[in-house]
Amino acid sequence: ELDQELDQELDQELDQELDQELDQELDQELDQELDMSAPEECNGRDDDLDQVVDEGACPCPSIVYQSSLYLFCDDLKTWREARDSCRGMGFDLCSIHSNPENQVLYNQLSLRELSDTWIGLNDRDQEEVFMWSNNEELSYTRWGNGEPNNGGSGENCGIILMRGNRRSFWDDRSCLSEYSYICEYEIPAP
């Protein structure tokens, strides 16, 4: 009888210890999955689960639109420098595929009081055959009146115009001119 009681007590103690260990393991796994102290990354996601996307993580002001994260960088660069800067962050210069997307980007540039701004548009490989810097073909265009015109010669890179009566339209400019720029990152599906 005493042996039975001791066995029961030992079994209960072992069960409690096992339950505690399992609970601790499960809590640790859950904490890792829902780690609210995870560092925020510039990726269009709420990594630290605080209901704010990318706060403080991106080098330029950013927005998420549809399935892309856009950076609005105000430092002036040549087209190649802008593209290289975007690529160095895992982005590319933006490509625009619809009027609503163009309008969202234009509105953001206007809100930030940016001037004419580089996009990924260029015909550097073949004159008058414009492509995006990520090698996508154009499926939508918003050229300003009389554009693209190559400006006599040497205008191979595209901008969104921010002044005058051609605001939100595109223009081709010398790739060596310096403008602000928009980077784009396609957010992978979860």
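## Basis

This is a predicted model, in which local features need pLDDT of at least 70, side-chain atom pairs count only at pLDDT 80 or more, and totals for chains, interfaces and linings use all residues. Residues are numbered from 1 along each chain as its sequence is written, and side-chain values use heavy atoms, leaving out hydrogens and water.

## Disulfides

A disulfide is a pair of cysteine sulfur atoms within 2.5 Å, and the count by this rule is 4. With bonded cysteines counted along the chain, the pattern is 1-2, 3-4, 5-8, 6-7.

One of them joins Cys 60 to Cys 73, with 2.2 Å from S to S. The torsion about this S-S bond is about 105°, so the disulfide is right-handed. Cys 60 lies in the loop between H1 and E1, and Cys 73 in strand E2 (residues 68-77), 13 residues apart. Strands (E, at least two residues) and helices (H or I, at least four) are DSSP runs, numbered from the N terminus. Both Cys 60 and Cys 73 are buried; buried means under 20% relative accessible area, exposed over 50%, and partly exposed in between (1.4 Å probe, protein chains only).

Cys 94 is in no disulfide, and the nearest cysteine sulfur, that of Cys 86, is 8.3 Å away. Cys 94 counts as buried because its relative accessibility is 0%.

## Glu 13

Glu 13 is found in helix H1 (residues 2-33). Its relative accessibility is 43%, so Glu 13 counts as partly exposed.
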